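Let's take a friendly look at aromatic rings and the side chains around them. Have the model open as you read.

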Amino acid sequence: MNYDALKITTQQAEDILFKLFNIKGKASELPGEVDFNFRIKIENEEGYILKISRPDEDENCLDFQQKLLQYVAKNGSNLIAPKVIHDTNGNTISSITDASGNKRNVRLLSWVSGRVLSDVNPQLDSLRFSLGEQCGLLTQALQGFAHKEAERGFVWDVAQSLWTKEYLHLFSSEEKEIISTFHQQFEAAQHSYSKLRKSIVHNDANDNNVIVSADLINPIVKAAIDYGDAIKTQIVNDVAIACAYAIMHHNDPLEAALPIVKGYHATFKLQEEELAHLYVAIAMRLVISVTKSAINKIKEPDNEYLLISEKPAWEVLKKWFQIHPEFASISFRETCGFQAHPMQQQFETWASKNDFSLSELFPSIDKKEVYRIDLSVSSKWIGHLEEAANLDLFQFKIEQLQKEHPEKIIAAGYLEPRSLYTSTAYDKIGNHGRESRTIHLGIDYWLPVNTPVHALFDGEVVTAVNDAGDKEYGGLIILKHHEEGVIFFTLYGHNTVDSVLKHHVGKIIKKGEKIAELGNYPENGNWAPHLHFQILLSTLNYVDDFPGVAYYRQIDVWKSICPDPTLLFASEALQPRKTVSNNDLIQYRKQHLGKSLSLQYKTPIKMVRGAGQYLIDQLGQKYLDTVNNVAHVGHENYTVVKAGQNQMALINTNSRYLHENINELAKELIETLPLELNVFHFVNSGSEANELAIRMVKAATGEKDIIASEVGYHGNANTCIDISSYKFDGKGGHGAPEHTQIFPLPDTFRGRYSDNDAASKYAKEVEKCIDNIQQKGRNVGGFIIEPIISCGGQVELPKGFLEKAYKAVRKAGGICISDEVQTGCGRLGKTFWGFQLHDVIPDIVTIGKPLGNGHPIAAVVCTQKVADAFANGMEYFNTFGGNPVSCAIATAVLKTVEQEKLQENALKVGTFLKLELNHLSKEFPIIGDVRGQGLFLGIELVDANLNPLAAQTAYLANRMKDYGILMSTDGPDHNVLKIKPPMVFTKENAKELIFYLRKIASEDFMQSF
Ligand SMILES: Cc1ncc(COP(=O)(O)O)c(C=O)c1O
């Protein structure tokens, strides 16, 4: 039929609306596959959707849809759903005659306002959970509803999806393999699938049919719309459809599906049998989708939209194909609160009835007890990762321990989160960024090389391989057991290859028979001789690479597939280690630590280990640290750690005794400084350094007045707070004290002066401060500033400002202090110290944070003149300042900066990062300014009128944490993201940072200003 003849104009729609429903509204066209749809807007009301059918439309179908909506309205009081509006004659379906004389059915439904799911970014777990909840509620509301139209044949019904078999020829060979595998799985499951519960369900919760609340930070699904695909089918198909679309665009679609299933189950209880079919049902919905696209492509080869919509379906289908169906089903069971592996309980009951002995597993070793060692991420026994990686050292430590506990077998832990697997080889990029496999699924027993391992019960060999070399197990053997109706497997890793290859798959091993002999490193892949013993309730088709460690997000699933092996040895069980929950830590802090100590992030994290540019939490998850300029040469840099440990083992005392370390540190620093700055006082913190610097100013000038920058921060001690506008002008502060003069933040982006002459104008502000002091009959003591003002928001001083300000201060008899607590030691790339960027030489430089790489050491360096003035006869004694341990550490830091060329790295990586950030600011105008030097950068978030956007900045930092990247915010308006990572930060790290900044900058909340 001629489309133009059928078309209804918006004017006609408005007339029809008025005539049939006596409603006046403004109509606009909406897309529709079958009906002609109009959005009807009415001021201050949600409005309507007017649906005008084609002349040939099946009235049964319309009747079904209207009755269904009415049924939902009656039974689903907790649901938001379109409501059927009666016409003025009380009909739910009215009709008109169009210009060509055709009868056209007309329906009016209430409008459900909101955004569609496909427009929502990001799609978080909480959002997908609410999607599941809404779909479940809808299915609940539809229980008991019947209509003959619901029994129709329908291509989008998963139950009827085998029609797609006819179109297999449309696909490439790889695609064919995927689709036909799913066809086979679906066909093979038909017997039990056909018996699953059926009811009428919505059947089309795709992301364009789901309405989401307006909240941009925690949006939830409000309603499903468009009931046109409703059908009577297996209920699990409805769950599958909600999943099939909402899991697109995720690296791990199974993980993305779990909240949906959980949400559905929360409002409509799913059955275990249904969950067993969910994996294939999801696959079949995707198979329908790609088959439909392939057919449509032939019909409309030029339609680019078809290609666009087909791509994500294929992407997810390919990823889905990689997931083992049983693993998916165990995961679905776990998320719904069922016992994850169906055999878990049976196994545990059987195991608890049988008390085996370790001497049965190792008959040549007559020991029954175990001595547990701690290999967890936070293990002090392991110590530094460099040492853990030293196989000889590890072996030695084990032998020493064995001598101390000769009657016990050394063993280590089931479900232990291990830092040993924190190398990138164990990483994947999941839905939350980088994730590491860390949770150990077996038990390790350390025993002499060649110790024989014997079978605890009868079994059949299912794997016997040489898994040495780059793999982790050495000689690996897996046995299958049937014990009193329970089927399970035992895995033995790290054996000699020869002892394992004596067996072949299918061989029957009798209880007590020798299975293997322990191998030695490096043949067995890692460490000293030890057996990795693991129980599996399923092999999930793994042959030689069954995981021995799991991702922590999947741990509840894995611990069900691999139960605790010590269940077999009740008398020798390893007692679970006590861990303190983060919540307990927080509660204790609240009671016993000062309330003014803050915690980072909405959900605080506990870090237990550092490694280079990464911090590692107690589960072994690595976070890329872009915040910590204290860990200057990298967290737990081995050279620095060793320097401290070695000196600590010899002597640590105060500087009243002679020791070469203090001199050596002074020499190291002198190498980096201008000749004039050559006298040192070593202290313990940046605050103490500035405190001392101000004492020196007072001693040298006899004046108390200090000039400092607005929003400057110089430490937590009394005098430091008095000169820190960041503090006294902030919360809880009482403004500048009498002897402090503050000049405006020399910011050329949003500060008082931003023109070419800003440097002079800000210098004039310093002069004004001098005038103020002098007008009170006093004179200036000192001038303190950072070369890049960090707490002020990484504000770079305008070129020439410092020179002019120094000149004015010195002319008035004052002393100039450069606070290099944040910026020093090569961080700024071009120069070792920040003041060197400005061609000035201060009288005093204060050095802090980076000097000890986390160890408390700081320094004040000054000119001979200032030092002489300070040495007025009163002894300067500092119990800890300049002690041999601290000095050894600081010297190692400085040497590392030099040897590892970290200043050059800061310049190279910093320049690259700044360039990339500048590109990002072109893409996202919210980034108003990119500034800083080397690896000391900042980006400022503002709207078009340069108003600060603090909420967006906090959001960005919090979201980056969700992807494993730590960032901090600062600045007077809390709208600057600071980037000041350990100096070992690489170009790859910078690329990763930019990748996630870009991803999050495009999220809805970041666009809402
Ligand atoms: C510029 C500046 N000076 C001084 C300090 C005080 O150092 P500390 O915390 O080591 O006492 C800080 C600390 O953040 C700082 O940023």
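Lys397 lies over the face of Trp381, 5.0 Å from the ring centre, and the charged end of Arg656 sits over the ring of Phe877, at 3.8 Å from its centre. Here a charge sits over a ring if NZ of Lys or CZ of Arg is within 6 Å of the ring centre and within 35 degrees of the ring normal.

Please keep in mind that this is a predicted model: local features need pLDDT of at least 70, side-chain atom pairs count only at pLDDT 80 or more, and totals for chains, interfaces and linings use all residues. Residues are numbered from 1 along each chain as its sequence is written, and side-chain values use heavy atoms, leaving out hydrogens and water.

Now to ring pairs. A search of the whole structure finds 35 aromatic pairs. Rings of Phe, Tyr and Trp (its six-membered ring) pair if their centres lie within 6.5 Å; planes under 30 degrees apart count as stacked, over 60 as edge-to-face and the rest as tilted. Two of them are shown here:

| Pair | Centre to centre | Angle between planes | Class |
|---|---|---|---|
| Phe327 and Trp558 | 5.3 Å | 40° | tilted |
| Phe347 and Trp350 | 6.0 Å | 45° | tilted |

Phe327 in helix α11 (residues 325-335) and Trp558 in helix α17 (residues 555-561) are 231 residues apart, so their pair links distant parts of the chain. Phe327 is buried (under 20% relative accessible area, with a 1.4 Å probe and protein chains only; exposed is over 50%, partly exposed in between), at 9%, and Trp558 is buried at 4%.

Phe347 and Trp350 are both buried. They are separated by about one helical turn because they are 3 residues apart in helix α12 (residues 344-353). Helices are DSSP runs (H or I, at least four residues), numbered from the N terminus. Ring pairs also link Phe347 and Trp350 with Phe356, Phe457 and Phe488 into a cluster.

Methods. Helices (H or I, at least four residues) and strands (E, at least two) are DSSP runs, numbered from the N terminus.
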